Amino acid sequence: MVLDNLIQTFVFGIVEGSVIAVGAVGLTLSYGVTRFINFAYGEFLTYGAYLAVFIAGGLFGVSLPLPVAIAVAVLLVGLLGVAVSRVFFEPISHRGALPLLITSIGVSFILRNLLQGWVGVDARQLPVPLLRRKDYFGVQLTELEVAVIVVGVVTMLLVHLLLQRTMLGKRMRATSGNRSLAEVAGIDTQRVVRQTWFISAAAGALSGVLYAILFAPFRPGVGFAYLIVIFAATLLGGIGRPYGAMLGAFIIGIAMNLGSAYLSANYTRAYAFVILVAVLLVRPEGIRGGEF
Amino acid sequence: MGIERRRLIKHTGGLAGITALAGCLGGDGDDGSNGDTTAPGGGDDTDTGGGGGGGNNIRIGVLLPFSGDYGWVGANVLPVVEMLVEEINDGGGIDGRQVSIVQGDTEASPDASVSATNRLVNVENVSAVIGPTSITMSAVIDTLVENEVPVVTPTAGTTSLDDRGGEYVFRTVSSDSLGGRAIARAARDEQYNSIQDYERMALMVGNEEVFQSFKEPIRSSFEEFGGTVTTTMDIRTGKASYTSEVQSMMDSDPEITVLVASVEDSIKITEAGFQAGYEGNWFATQDQTNQDFLSQSDNRVTNDMLGLNAATYQPAEEAGRLQGFFDAITEYAGWDEGSRVFATNTYDAMNVLGLAMSQVAADGDDLTGPNVAAAIPTVARPPEQAVTSYSEGASATADGTDVDYQGLVGPIDFDDDGDIVAPFSIRRAQDGAWSEAGRLPPEAL
């Protein structure tokens, strides 16, 4: 019984870790290539979730099936990410990290309030069925929770293949490692940066959709609030390191669930930070120090 | 929301007109916006009072959340206040003065409520306040009482008012201690819930004043009625997920779980219970016993769920007054049903306040805070002539008759703490709609 509960809680942590991992990978990729922390990233989560709701609900005249709606929403937010970077970040990209960071906070406010002005502050839910948990090898999960883990793992795998096996991935790694050297070597780094923004924002949107599947109903502030958890995972993994971010995400997810179940349920997100602070004190570069 | 914003702009705009342009332009502005608002604002008296819009009006502050999660409270209350203010003004106003409404948006947050209250009291100089809710009561009550502003709240059940009030603060809604007792009684006794005599109860209570206020009354009453409380959990409001909380609730093995939380958190909690295979029932407070909650929830989760509501007051129903009010407010406000939460409470609050003012005027006294506050219990208590509306009561007071206002939610006889007793209705959810499972008269508590 005690062991069952522990395993169950652990698996819940992995479910939430999958959501965090998808978001953390997107954030850390954009940091790796652009070298600034994008505070507007949380809005990509929010936009992903809301667009999925509205596209599935007939935003474009027809009600698309939810998986299609999610795919369209993720693509649209990817394009939004490219647009945001071109309008706000590229013009000041030579000014260093601090102006970019402050700008991203402003962009976050703009995006959030635009959404709020459009859809209001009412709570929304994705049209997903409510399911009872089933038994999978002694662990109780709903099919949706299983799907979230699968989507999370597949996304990790795709990012891995992208970075290791494709030309784009190699260019991204080169740009991340040394931008001037990459340019000298003939890589169009600006193009790489834009492609990275697309992938980053799309990953954010997907993470937002997964969040919305697990934790409905949600409101326009959802992404910004969850951003701190994603930050924790990203920093824990060593910022700019995709594999570290994945590992960090699962540690944070499990810590939050174990803490909620065995210490006090009132401080869920605080456990993420306790771990983060502890790791940073001992190993400030994060648990994974290598390059990407 | 559009109308309310416009009105807010009108009032703040009117204020700017007074201070900046001292007169003519402010008057024009008010006249312009007057056409589509219900409360004749400053427009009428700028002709007579040179000082500026509304200077001679009796101002009534409506201090409630108009935006945010609890925006529905303001949206349910304001049209009723407006309808009655229109009735008062159509009858010639009070003491020859028109009544106007000033909104103060508490946003259901203590910070915002303090600044809204300061504005109503110090800038707008309101003569009385309708509101606030339990959420912000403790943040603003001292300011209101110290400034001698009479307060009649249709929305604050908080137990923190149980032994306060009666001098400046009155309410036309039952105290949560009665509500909590009603939940305990109804859960314990099949004749009130139409399902079973529940013996084992768990309590999940949000960690805010508005929710915590219910906790002790439910817990102690349920034990007093012979039940067992398996666990009493404080839960943090606004969390993403309540899986852990629901798990510990289920570990205590209750037959019914009383959920004192916001609509949004309640959806998350009940769905988490469904996912985890919880087989007990749920009991909700007034906050969730509405269509909003059911329409956002899955019927498989909410079927047979119990809820608490204020019951209709039999004499008001039998005399057709309740239906009359529903017809009037649906037509006036364009609602699809008149029985919105707090609507009847507001009707009573505003009538009592209007009658108290007209009583003060009939006595030839000034409409000061202490005078109006002192008149509030007298116009509502027997044994004088029973009246059921402002117009009826105002003509009686003008003739020198003392009146006893009989409301829609109850006889509205304020006790020494400014509280009333009223019957409760126990609702049961079935296929996405609430219906009455039983009725709890005050004597049963």
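**Conventions and model**

Axes are lines fitted to C-alpha atoms, for helices over the stretch in contact, and angles run from 0 to 180 degrees between N-to-C directions. Helices (H or I, at least four residues) and strands (E, at least two) are DSSP runs numbered from the N terminus. The model is predicted: local features need pLDDT of at least 70, side-chain atom pairs count only at pLDDT 80 or more, and totals for chains, interfaces and linings use all residues. Residues are numbered from 1 along each chain as its sequence is written, while chains are lettered from A and ligands numbered from 1 in the order in which they are written.

**Chain A: overall form**

Chain A contains eleven helices and two strands. Along the sequence these elements follow the pattern α-α-α-α-β-β-α-α-α-α-α-α-α. The radius of gyration of chain A is 19 Å, close to the 19 Å that the globule rule gives for 292 residues, so chain A is as compact as a globular protein of that length. The radius is taken over C-alpha atoms, and the globule rule is 2.2 Å times the number of residues to the power 0.38. Along the principal axes, the C-alpha atoms of chain A fill a box of roughly 60 × 50 × 35 Å.

**Chain A: helices 2 and 9**

Helix 2 (residues 41-56) of chain A packs against helix 9 (residues 222-236) of chain A at an angle of about 130°, with the axes 7 Å apart. That angle makes helix 2 of chain A oblique to helix 9 of chain A; angles under 35 degrees count as roughly parallel, over 145 as roughly antiparallel, 65 to 115 as roughly perpendicular and the rest as oblique. The crossing of these two helices of chain A is right-handed, a crossing being left-handed if the near helix is turned anticlockwise from the far one by less than a right angle, and right-handed if clockwise.

Residues are in contact if their C-beta atoms, placed from the backbone, lie within 7 Å. Helix 2 of chain A contributes Tyr41(A), Gly42(A), Glu43(A), Phe44(A), Leu45(A), Thr46(A) and Ala49(A), and helix 9 of chain A contributes Val222(A), Gly223(A), Phe224(A), Tyr226(A) and Leu227(A). By class, this contact between helix 2 and helix 9 of chain A has eight nonpolar, three polar and one charged residues. Here Ala, Val, Leu, Ile, Met, Phe, Trp, Tyr, Cys and Pro count as nonpolar, Asp, Glu, Lys and Arg as charged, and the others, Gly among them, as polar.

**Chain B: the sheet**

Chain B has an open sheet of five strands in the order 2-1-3-4-5, with parallel pairing. Two strands pair if DSSP finds at least two bridges between them. Strand 2 (99-105) and strand 5 (169-171) of chain B are the edge strands, each pairing on one side only. The twist averages 25° from one strand to the next.

Strand 4 (residues 151-153) of chain B pairs with strand 5 of chain B in the parallel sense over three bridges; Thr153(B) has Arg171(B) of strand 5 as its bridge partner. Helix 5 of chain B lies across strand 1 (58-64), strand 2 and strand 3 (128-130) of chain B, and runs at about 155° to strand 2.

**Chain B: helix packing**

Helix 5 (residues 110-123) and helix 6 (residues 134-146) of chain B pack at about 25°, with axes 9 Å apart. These two helices of chain B are therefore roughly parallel to each other, and their crossing is right-handed. Among the residues making the contact are Pro110(B), Val114(B) and Val121(B) of helix 5 and Ala139(B), Val140(B) and Leu144(B) of helix 6. The contact of helix 5 with helix 6 of chain B has six nonpolar, five polar and no charged residues.

The axes of helix 7 (residues 176-188) and helix 9 (residues 209-224) of chain B come within 8 Å and cross at roughly 40°. Helix 7 and helix 9 of chain B are therefore oblique to each other, and their crossing is right-handed. The residues that meet include Gly179(B), Gly180(B) and Ile183(B) in helix 7 and Phe214(B), Pro217(B) and Ile218(B) in helix 9. By class, the contact of helix 7 with helix 9 of chain B has seven nonpolar, five polar and four charged residues.

**Backbone exceptions**

Most residues other than glycine have a negative phi, and most peptide bonds are trans. The peptide bond from Ala216(A) to Pro217(A) is cis, with omega near -10°; Pro217(A) is in the loop between helix 8 (189-214) and helix 9 of chain A. Gly131(B) and Pro132(B) are also joined by a cis peptide bond, with omega about -10°, and Pro132(B) is in the loop between strand 3 and helix 6 of chain B. Ala108(B), not a glycine, has a positive phi of about 55° and lies in the loop between strand 2 and helix 5 of chain B.

How values were computed:
Two residues are in contact if their C-beta atoms, placed from the backbone, lie within 7 Å.
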